[in-house]
Amino acid sequence: LLVILLYKAVVSTQSTGANSGQLVMTLNSKGRSPNSAKITARSMSGGKWINVVITLHGACASFSEGLCGRWNGDPSDDLIANSPNENGEKFKEFDSSCPAPPPPYDPCNNIGTLRRRQAFETCMKLTESPFAACNSVVPVGNADSGFINTCMTEICQCRTDRTCACPEFDIYAEECINNGVDLTHWRDHVDFCPYTCPAGEIYRVDGPVPAPSCVNKTPVQTDTARGCFCPEGEFLQEGRCVRADQCKCLHEGTFYNNGDEIRNEGECEICTCEDAGEMSCERMVCPDLKCAEDELVSYRDEECCPYCQADWVEAVKSRVEVRTGQSVVLDCVIHAANVKRKDITWFKEETRLTDGVSENRLQLTIKDAQTSHGGKYRCEATKGEVTASDAYHVIVHAPALENLVIQTTRWAVIPSSIEQMITIIRSCDLTYISFVIAAWDLNDTLLTITGTVVVVFISMIVVVRRNWG
């Protein structure tokens with residue numbers, strides 16, 4: 001475990017092939033280089049194992065310490081006997097109340113002498129070609145420590161499956177490469193460590209990161225990694241390797257085949273997908289227009305070319321329904337160029353409106369709408385000798401009134417005089433009544449009139465009750 005005083009980490013992920021991936025963590029130390037340390041964790045062999053490499057910037061020299069060493073230019077005070085275990089033994093401290101832990105679990109003690117020997121013989125490949133050329137530079141250790149010990153542990157945990165040694169061989173090869181010994185093609189000499197790649201891909205020990213693709217054929221290389229990559233001259237597209245002339249074109253998130261044409265009205269462009277996934281674009285050519293006398297040359301935002309249109313004034317929402325007290329905004333769109341504001345007019349029925357009209361004349365606002373605001377409105381524009389308009393229908397709903405329960409009373413007798421009628425009215429507590437009014441014509445003939453009280457009669461009742469009640 002390497003102990004470094006750091007305070008900030010920036011993490012990024014990089015895909016290096018179908019069977020491998022890479023996680024890069026950049027650590028920034030306070031007051032030193034912006035990239036003081038980089039931790040690279042690589043998933044290898046289809047995610048079966050992970051290799052972690054810690055790279056320190058020179059600014060960290062003499063500031064690091066721990067089981068990996070001090071990085072002070074003196075290798076003698078790093079690992080004891082090149083053994084992390086012995087180094088750990090040196091630093092451990094125990095007292096009477098905290099006894100030393102038991103020895104670490106060793107899976108090789110539980111598989112029998114024969115299998116243990118087989119694991120040892122497999123790991124001793126590290127002392128043979130091509131690894132032998134590096135043994136003097138990077139010691140391999142023995143059955144009790146170092147690379148051979150770690151290799152045996154891996155194999156014993158796999159019940160002596162020899163392929164479990166391959167990740168340890170890979171780590172040793174990378175350490176050798178970092179120390180100037182080229183072991184990039186060690187797998188060619190170890191028959192039980194093939195690297196299986198998907199169809200069309202090949203194994204590379206120094207594949208480029210990021211890998212070239214049809215979207216970016218020449219990316220700026222920032223690192224290398226072991227894993228599956230496309231052969232030279234081929235590019236990754238939709239999970240498989242293809243030649244440059246097979247690359248599709250990517251346009252606004254959609255892939256297009258060679259020869260496909262894409263019309264981009266908004267940009268007035270026609271683009272064609274050509275070889276190598278390259279787009280070739282040219283400006284659209286608009287036809288000459290000959291508009292009728294009642295038509296104007298009009299434009300729409302989503303269309304490139306103009307067109308002839310008689311109805312070049314548009315009511316965005318021609319029918320609007322609101323309740324009393326709400327506000328109404330009517331929007332008008334002019335699909336013609338160079339129409340002046342002074343030539344845009346609003347009407348309600350045939351009455352010209354000025355209140356509520358926006359500065360650009362394209363909106364009419366009705367605040368605190370009442371039922372009287374309902375009706376037909378019109379936005380009208382004139383250009384030259386041509387006038388066009390579009391209409392709106394505004395409906396303002398008033399709150400519904402509660403139903404009135406009307407109780408009626410019919411007089412059993414016909415009043416014979418005004419005094420008798422007043423007596424009857426004084427005893428009446430009804431809002432609406434059915435009544436019979438007695439009157440006499442010029443010949444003293446009694447006339448009987450039956451009907452429903454109207455407002456005038458109700459007012460008469462109120463007056464009578466106030467004066468005689």
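So, Leu250 sits in strand S11, residues 249-251, where strands are DSSP runs of E with at least two residues and helices are runs of H or I with at least four, numbered from the N terminus. Bear in mind that this is a predicted model: local features need pLDDT of at least 70, side-chain atom pairs count only at pLDDT 80 or more, and totals for chains, interfaces and linings use all residues. Numbering starts from 1 along each chain as its sequence is written, and side-chain values use heavy atoms, with hydrogens and water left out.

Back to Leu250: its relative accessible area is 41%, so we call it partly exposed, meaning between buried (under 20%) and exposed (over 50%), with a 1.4 Å probe and protein chains only.

Now, the whole protein. Its secondary structure comes to 6 helices and 27 strands. There are 469 residues, and 32% of them count as buried. Contacts, by the way, are heavy atoms within 4.5 Å. Taking those with a separation of 6 or more, 45% are between residues 24 or more positions apart.

Let's turn to a helix. H4 covers residues 166-178, 13 residues in total, and spans 18 Å from first C-alpha to last, close to the expected 18 Å at 1.5 Å a residue; that expectation is 1.5 Å times one less than the number of residues. Which residues of H4 are buried? Among them are Cys166, Pro167, Phe169, Tyr172 and Cys176, and also the acidic Glu168, Asp170 and Glu174. After H4 comes Gly180, with a positive phi near 95 degrees.
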